[in-house]
Amino acid sequence: MATAPPDPETKIDGPLLRLMLVMLLGGVMGILDTTIVNVGIETLGDRFDAPLKTIEWVATGYLLALAATVPLAGWAAARYGGKTVWLTGLTVFLAGSALSAIAWNAESLIAFRVLQGIGVGALEPTLLTMLALAAGPKRAGKMIGIVGAVVTLGPILGPVLGGVLLEHANWRWMFIINLPIGVLALALAYRQIPADPPREGEPPPLDARGIALLCPGFAAVVYGLSQAAGDSGFGAPQVIAALIAGAALIVGYVLHALRAEHPLIDVRLFRIRGFAGGIGAVFLTGILLFSLLFLIPLYYQVARDRGVMAAGLLLVPQGVGVWIGMPIAGQLFDKIGARALIPFGGVLAALGILGFSTADAGTNTVILVGYSLVTGAGLGFVGAPAMSSVFGSVAPESVPSATAAVYLSNQIGGTLGIAIAALVLQNRTESHAVVPAFQGTFGYLIAIAVVVGAVGLLLRRAAAGASGGDVDGTSDEASNGDAKAVTETEVGSKDGVAAAGPARLEV
């Protein structure tokens with residue numbers, strides 16, 4: 001029987017590929033910068049003669065500024081246009097980088113890092129929103145597979161690059177390195193990113209109450225979790241206060257968003273099974289990925305007696321595994337769906353982590369590298385279909401809300417994962433030798449990987465676009481009488497995409 005010709009609407013064509021490359025060139029700097037400076041905290045403290053509780057704000061201030069800005073990015077893009085917000089965010093980030101490179105004391109560096117965080121908080125969500133709209137539902141899986149592979153490498157390569165710069169150059173190069181790449185990205189983006197289409201109707205009003213609740217609430221939760229990951233622990237008064245305040249503000253936002261006509265992030269989207277399941281998988285993957293980014297280098301340093309640079313480089317195979325797994329999963333998403341891919345990825349990640357949990361002091365490093373590759377591939381097989389499920393389940397006008405939800409869930413998952421991994425390792429270290437302590441901590445991550453796979457099983461059965469039938473993104477309209485309230489645009493056509501059809505950026 002003759003094979004059906006490929007659907008041209010599913011092909012990553014030249015215009016979309018150029019858009020992806022240009023936006024990734026600018027976006028990857030912010031992703032790298034999130035972790036590249038963390039390895040230099042001690043060096044910066046010595047350079048500015050600042051105590052640890054002060055210099056830590058070089059990282060914390062950046063993280064909180066990013067966290068508070070992300071929820072605003074979708075509204076800003078809808079009001080002023082994605083290209084405008086992207087260019088503005090990149091400009092703000094470059095200005096913060098240049099000023100950080102000439103910082104004269106700890107306080108000035110913290111202020112300039114906050115400026116960097118604001119720029120990245122606008123850059124990252126706008127990147128995914130614009131690419132999701134440009135790709136449309138039929139190309140979302142392939143696009144996210146490629147973009148996700150690049151984006152996930154940032155947190156892995158950042159510490160390695162930071163270590164190299166600190167070892168062979170001045171600390172200021174951690175910020176100077178952004179400038180030539182950023183200027184090139186800015187020039188290419190101005191020429192290559194399509195102009196924002198003419199706005200139809202009135203722009204969405206500013207959800208001032210939502211901003212007052214969600215932005216500080218999210219920042220407070222991130223702050224509490226980041227402090228818990230340090231020496232404070234979950235029992236510290238400042239951690240408890242931050243988490244309670246953050247949770248109360250977020251609950252207040254949810255109650256507000258359920259009644260608001262134009263909320264900052266539409267929480268009613270969680271009534272769609274594909275959206276809720278995808279966000280759940282993204283959250284759990286954040287826990288898993290950042291826990292491993294914390295544990296594996298520490299394992300090599302403490303249990304295997306490797307230096308900081310070697311430990312960072314031995315983290316790279318996990319990134320290579322993600323780089324291999326994500327594009328493959330993105331290609332397969334349209335054929336077999338997230339319900340098959342996410343459980344497979346969860347099992348694959350669990351098997352890789354199982355290798356670390358059973359390794360002893362005599363286990364060959366080459367074998368550990370193989371475990372990292374398998375773990376990374378498993379994470380890739382979860383990440384791409386999880387995000388594709390999110391974007392494939394919502395109407396085009398809801399993509400900014402979906403993007404913000406993806407970033408918020410991943411960020412909270414990541415900070416929570418590091419905090420819990422640090423707590424588990426600390427508690428086990430008090431009663432176990434070094435290697436058994438790490439083995440038990442990796443065992444906790446196996447359980448998380450299994451839960452990730454279970455979340456994938458909750459999604460609907462997928463079918464290839466041409467074959468019809470339910471897909472992962474289908475809402476529960478048949479069984480939930482009020483599902484119509486999810487969105488004004490009906491979700492779940494025979495192709496598994498919004499009835500409004502694929503949206504594209506127009507020139």
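Begin by selecting Tyr299, Tyr300, Phe356, Tyr371, Phe438 and Phe442, which ring pairs link into a cluster. Rings of Phe, Tyr and Trp (its six-membered ring) pair if their centres lie within 6.5 Å; planes under 30 degrees apart count as stacked, over 60 as edge-to-face and the rest as tilted. The model is predicted: local features need pLDDT of at least 70, side-chain atom pairs count only at pLDDT 80 or more, and totals for chains, interfaces and linings use all residues. Residues are numbered from 1 along each chain as its sequence is written, and side-chain values use heavy atoms, with hydrogens and water left out.

**The whole protein**

Zoom out. The protein has 18 helices and 0 strands; helices (H or I, at least four residues) and strands (E, at least two) are DSSP runs, numbered from the N terminus. Of its 507 residues, 56% are buried. Buried means under 20% relative accessible area, exposed over 50%, and partly exposed in between (1.4 Å probe, protein chains only). Among contacts between residues at least 6 apart in sequence, 81% join residues at least 24 apart, where contact means heavy atoms within 4.5 Å.

Return to Phe442. Which residues does Phe442 contact, leaving aside its neighbours within four places in sequence? They are Leu292, Leu295, Ile296, Tyr299, Ile353, Phe356 and Ser357.

**Helix 6**

Select residues 106-135, which are helix 6. Helix 6 has 30 residues and reaches 43 Å from its first C-alpha to its last. That is close to the 44 Å expected at 1.5 Å a residue; the expected span is 1.5 Å times one less than the number of residues. Is helix 6 largely enclosed or open? Of its 30 residues, 24 are buried, so helix 6 is largely enclosed by the rest of the structure.

Look at both ends. Asn105 caps the N-terminal end of helix 6, with a side-chain oxygen 3.3 Å from the backbone nitrogen of Glu107. After helix 6 comes Gly136, whose phi is positive, near 75°.

Within helix 6, pick Gln116. Gln116 is buried, with a relative accessible area of 0%. Its side chain makes a polar contact with the side chain of Arg113 (3.0 Å). A polar contact is a pair of N or O atoms within 3.5 Å; within protein, one must be able to donate a hydrogen and the other to accept it, and residues adjacent in sequence count only if both atoms are side-chain atoms. Not counting residues up to four places away in sequence, Gln116 touches Asp33, Tyr62, Phe93, Gly96, Ser97, Ser100, Phe175 and Asn178.

**Helix 1**

Next is Ile31, in helix 1 (residues 14-36). Ile31 counts as buried at 9% relative accessibility. Ile31 and Glu124 are 93 residues apart in sequence and 8.0 Å apart in space, C-alpha to C-alpha. Beyond four places in sequence, Ile31 is in contact with Glu124, Val151, Gly154 and Pro155.

**Ring pairs**

The structure holds 13 aromatic pairs. Select Trp57 and Tyr223: their ring centres are 5.7 Å apart and their planes at 20°, so the pair is stacked. Trp57 belongs to helix 4 (residues 57-80) and Tyr223 to helix 10 (residues 208-229), 166 residues apart, and the pair links distant parts of the chain. Trp57 is partly exposed, with a relative accessible area of 33%.

Then select Trp171 and Phe175, an edge-to-face pair with 6.3 Å centre to centre and 80° between the planes. Trp171 is buried at a relative accessible area of 5%, and Phe175 is buried at 0%.

**The salt bridge**

How many salt bridges does a search of the whole structure find? It finds 1. A salt bridge is a side-chain nitrogen of Lys or Arg within 4 Å of a carboxyl oxygen of Asp or Glu. To see it, select Arg268 and Asp266, whose side chains meet at 2.8 Å, N to O. Both Arg268 and Asp266 are buried.
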